[in-house]
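Please open the model in your viewer and keep the selection tool at hand.

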Amino acid sequence: MTNYLCRFPDGAAGLGLLVLRTCYATVPFGLAALLPPMAVGTTVLRVIAGIVAVLLVSGLATRLAALILGVSILATLPFSAPLHLLLLAAHAGGCAAMALLGAGAYSLRARRHAHRGIHVQTRPPDRGGTD
């Protein structure tokens, strides 16, 4: 029996991660839209939002981008309307899941690493010595 441990989940799990990454790529722009238009550093934060979105869609540095997005979501919680609190908390949970799971097989990182997997061979138990 061969157990298979994949570094980049594919199949339905990999497709789910692709959909999750693509959907969460719009969240940084929503957070940037919450900023007042004349605030100091608004342009820099919007550029950072674009970089995070590109990293999520492409699958490069997905864990780091998900952590940055999750922290920025948590930072906006005190300034959001009561109606948005649960939605933003759910987004923070989704970012945590994405940071734990990684990019998946349908990402540029998986292509760059040639979609490597780890095969683990199990040995049958020793039945005693046959001298």
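Is Y106 buried, exposed or partly exposed? The model is a predicted one, and in it Y106 has a relative accessible area of 35%. Y106 therefore counts as partly exposed, because that class covers values between the buried limit of 20% and the exposed limit of 50%.

**The whole chain**

Followed from the N terminus, the elements are arranged in the order β-α-α-α-α-α-α-β. The chain has 131 residues, of which 30% count as buried. Among the contacts between residues at least 6 apart in sequence, 73% join residues that are at least 24 apart.

Return to Y106, which is placed in the loop between α5 (residues 82-101) and α6 (residues 108-112). L15 belongs to helix α1, residues 11-24. With a relative accessible area of 47%, L15 is partly exposed. Next, select the C-alpha atoms of L15 and A105: they are separated by 8.2 Å, although the two residues are 90 residues apart along the chain.

**S107, in the loop between α5 and α6**

Select S107, which also has its place in the loop between α5 and α6. Is S107 buried or exposed? Its relative accessible area is 4%, so S107 is buried. Show its side chain, which reaches the backbone oxygen of G104 at 2.9 Å. Then display R21, S58 and G59, which S107 touches when residues up to four places away in sequence are not counted.

**The loop between α3 and α4**

Move to A61, in the loop between α3 and α4. What is the phi angle of A61? The angle is near 55°, a positive value in a residue other than glycine. A61 counts as partly exposed, at 37% relative accessibility.

**The largest nonpolar core**

In soluble globular proteins, nonpolar side chains tend to be buried together. To examine such a group here, select Y24, V27, L31, L56, L69 and I73. Within the largest nonpolar core, which has 17 residues, these touch the most other members. Helices α2 (residues 27-33), α3 (residues 42-58), α4 and α5 each supply at least two residues of this core. Which helix gives the most to this core? That helix is α5, with 5 residues.

Keep L31 selected and display its surroundings. Apart from neighbours within four places in sequence, L31 is in contact with L69, S72, I73, T76 and L88.

**The last stop: T76**

A polar atom of the T76 side chain lies 2.8 Å from the backbone oxygen of I73. Which residues does T76 touch, not counting those up to four places away in sequence? They are L31 and L88.

Methods:
Residues numbered from 1 in each chain as written. Predicted model: local features only at pLDDT ≥ 70, side-chain atom pairs only at ≥ 80, totals over all residues. Heavy atoms only, no water. Helix = DSSP H or I, 4+ residues; strand = E, 2+ residues; numbered from the N terminus. Buried < 20%, exposed > 50% of the residue type's maximum accessible area, 1.4 Å probe, protein only. Polar contact = N/O pair within 3.5 Å; in protein donor to acceptor, adjacent residues only side chain to side chain. Contact = heavy atoms within 4.5 Å. Core = buried A, V, L, I, M, F, W, Y, C linked by side-chain atoms within 4.5 Å.
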